[in-house]
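Subject: Structure handover

Hello,

Below is the structure I said I would pass on. My notes on it follow, beginning with the ligand.

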Amino acid sequence: MAHPLQVLFIGESGTEAISAELEQGGYEPSFGHVRTEAQLQGALSGKWDIAICDFAVDDFGAIEALRVIREKGVDLPLIVVSGKIKDSEVLAALKAGAADHLTRGNLMRLNAAVEREIHAAKMRRDRIHLEEQFRQAQKMEAVGRLAGGVAHDFNNLLTVITGYSDMLLASRDLKPAHRTALEEIRRSAERGGALTHQLLAFSRRQPLEARTVRINDLVLQIEKLLHRLIGEDIELVTIPAASEDAVEADPGRLEQVIMNLAVNARDAMPGGGKLAIETGTIHLDESFSAKRFGIQPGYYVTISITDSGIGMDEETQSHLFEPFFTTKHPGRGTGLGLATAYGIIRQSGGAIGIFSELGKGTTARIYLPLAQAKAPTAREKSAGQGPLTGAETILVVEDEARVRKLMVDVLTGRGYTVLEATRGQEAIRMAKGHKGEIDLAVVDVVMPEMSGPDLIKQIAPNRPHMRVLYTSGYTEEAMVHHGIPESGIAFLQKPFLPDALAQMVRDVLDARSNSAKDRS
Ligand SMILES: Nc1ncnc2c1ncn2[C@@H]1O[C@H](COP(=O)(O)OP(=O)(O)OP(=O)(O)O)[C@@H](O)[C@H]1O
Ligand SMILES: [Mg+2]
C-alpha cells in the first residue's frame, strides 16, 4: 500500500523525476510548489511531511529557505536536491540545517533519506509531547498539594464552626432570631465543607472506600439518574461491554466522576445532541500506558462518555484538569468538575483521557485497573442506635487546639473521662503516667513531630485493650491503602459533627465489648 506523502517543493525545477523516485519507494506523493520567500512563508502553515529544495533559486535558495523555516519555528526536514554544486556549497547547506544533499542525476538514496527524516521528526514530536506531559503532571502535582493544604486547614476551621453551632442549637433557651442566624452559619459551613471535599478529592487526599464494582451495573444504575439530568433534547445511549468486568473503586466517588463528565457533555450540547456511555476492557501496553498516562501496563476497564457537542480547542484542553479552570459563566461552572474527577481516578490507580475536536465533540475516557473477579463484599454496618454516652476513658491526641477543645467538650459532655494531648511525645508520657485503663485513643493522623499511626505503634504494646479511632481531614493516599489495617481500627473524616464523633466513639467501644463477649 502506498504511503501518502506531503512534499513541499522549493525551487524552479520540475518535480517529475523526484515524484517517480518516491513512487518507486512506495510513497504516494502530492506536491506543493513555492518559488519565493513570501510563498514559502505562506505555505509553512500547511501540513508537510518533508521539504525538497533546489540549491539556488536566483537569490532565494536552500540556505534562505532553511532560515525561514527555522524562524517560523516549524519542524520540517529539508533535503537539498541540486545539479552539480561545489563541496563547500554542500557543506554550507548542511551547516545551515539541511537534512541531506542529493544530486539530480542520482536520486537513489532519496527514499532512504525521506524515510529516515520522517522517522526522526516523529521521534522529536514524541519527545516534545512527553516533556509537555511531564510538565503538566508536575504542575498538577503542585497545584494539588496547594489545594490539599488549604483544604486541610479549612476542614479544621469548619469542624469548629459546625461543632459549636450544633452545641448551641441543641440548647432550648435560644431566641428565635439567634437560632435562625446560627442555622445560617451552620449551613454555610456545610457548604464550605462540600467545597473542601472537592478540593481534597482533587488533591487525592480523601479516603476512598474501595470495593469490587461491576462496571456495567454501575453504569446502568447511573443511567436512570442521567436521563433526568440531561433533559429531553439529548439522546442517551448506553453501550455496555459484553464482559462482566469489575474494578476496585469507591462506587460513590466513581458515580460522582461519571456525573461530572456527563454534566460537561450536556453543557457542551446546548442545542441537543447525542450522549453515549460505553464500557469495555482494553490492554494498555508499556509504551501507551506509560507514555500517555503514567500508569502501569496491564488490563484496564474503560468507561467512555462521548458527546456530539461543541468540542474544545487546544488551549482549553491544556488547562482542563486545573482546579477552577472554567469557560462557563460565573454561577454556571466552578471549574472543579474535571479536577475532582482527575483526583479520584488517579487515587484509584487509573487515568482519564480527554479526546476532543472543535465543533465535532468530545470523548472522556476513564481507565481503571481491572479487578480480579470476586463477589462484591457487603459492607458491615454497625447497629449504632444505642445512647451516645459512656463512662470510659478516652485519650484525645490532636494538634489543632480548637478542634481538640471541641472534641474534649463533646466527649466530657457525654460522660467520658478524657485525657488530652497535643502531640506524640506528650501522649506517650500521658499514657505511661495514667494508672487506670485507657479504652480508646482518638488520634489525628497527620501531626507534627510524630504521625498518629507511629504514636499508636509506641503505646499499643502496653495497652492491649485500647481501641483506636483515627481522625483526619488530610488522608494521604498511602495511609488509606497501606497504613491502616482493615480491621480493629476506625477512621473518622474531618470535618465531623459532634454527633458523628459521639456515634463513632460509641461504635468503636461497643465493637470492643462485643468481641470480648464473643471470646469469653
Ligand atoms: N465535554 C466537553 N465539551 C466541551 N468542553 C468541555 C467538556 N468538558 C469540559 N469542557 C471544558 O472544560 C472546562 C472545565 O470543565 P470542568 O468540569 O472542570 O469545570 P466546569 O464544567 O466549567 O465547572 P463545574 O464542573 O465545576 O461545574 C469547561 O468549562 C469546558 O470549557
Ligand atoms: Mg464540569
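The shell around ligand 1 is made up of nine nonpolar, 12 polar and two charged residues. Please keep in mind that this is a predicted model.

Ligand site

There are 23 residues around ligand 1, and those that come nearest are Asn-264, Ala-268, Thr-326, Gly-333 and Gly-337. Two elements give two or more residues each to this shell: helix H8 (251-267) and helix H11 (337-347).

Overall form

The chain has 16 helices and 17 strands. Its radius of gyration is 32 Å, whereas the globule rule gives 24 Å for 520 residues; the chain is therefore more spread out than a compact globule. Along the principal axes, the C-alpha atoms fill a box of roughly 100 × 55 × 50 Å. Buried residues make up 34% of the 520 in the chain. Among contacts with a separation of 6 or more, 72% are between residues 24 or more positions apart.

Parallel sheet

One open sheet consists of five strands in the order E2-E1-E3-E4-E5, with parallel pairing. Strand E2 (27-34) and strand E5 (100-103) are at its edges; each has a single partner strand, so one side of each has no neighbour in the sheet. On average, neighbouring strands here are turned by 30° against each other, direction ignored.

Within this sheet, strand E3 (residues 50-53) and strand E4 (residues 78-82) run parallel and are joined by three bridges. Cys-53 stands opposite Val-80 in E4. Helix H3 (residues 62-72) lies across strand E1 (3-10), E3 and E4, and runs at about 165° to E4.

Mixed sheet

Another open sheet, again of five strands, has the order E7-E9-E10-E12-E11, and its pairing is mixed. Strand E7 (234-239) and E11 are the edge strands, each pairing on one side only. The twist from one strand to the next averages 20°.

Going through the pairs of this sheet:

- Strand E9 (residues 273-284) pairs with E10 in the antiparallel sense, over 10 bridges. Thr-281 stands opposite Val-301 in E10.
- Strand E10 (residues 298-307) and strand E12 (residues 361-369) run antiparallel and are joined by eight bridges. Tyr-300 has Pro-369 in E12 as its bridge partner.
- Strand E11 (residues 351-357) is joined to E12 by seven bridges, and the two run antiparallel. Ser-356 has Thr-362 in E12 as its bridge partner.

E11 and E12 also form a hairpin, with three residues between the two strands. In the turn, Gly-359 has a positive phi of about 80°.

Regards

Key
Residues are numbered from 1 along each chain as its sequence is written. Chains are lettered from A and ligands numbered from 1 in the order in which they are written. This is a predicted model: local features need pLDDT of at least 70, side-chain atom pairs count only at pLDDT 80 or more; totals for chains, interfaces and linings use all residues. Helices (H or I, at least four residues) and strands (E, at least two) are DSSP runs, numbered from the N terminus. The radius of gyration is taken over C-alpha atoms; the globule rule is 2.2 Å times the number of residues to the power 0.38. A residue is buried if 20 or more other C-beta atoms lie within 10 Å of its own, exposed if 12 or fewer, and partly exposed in between; C-beta atoms are placed from the backbone. Two residues are in contact if their C-beta atoms, placed from the backbone, lie within 7 Å. Two strands pair if DSSP finds at least two bridges between them. Axes are lines fitted to C-alpha atoms, for helices over the stretch in contact, and angles run from 0 to 180 degrees between N-to-C directions. A residue is near a molecule or strand if its C-beta atom, placed from the backbone, lies within 6 Å of it. Ala, Val, Leu, Ile, Met, Phe, Trp, Tyr, Cys and Pro count as nonpolar, Asp, Glu, Lys and Arg as charged, and the others, Gly among them, as polar.
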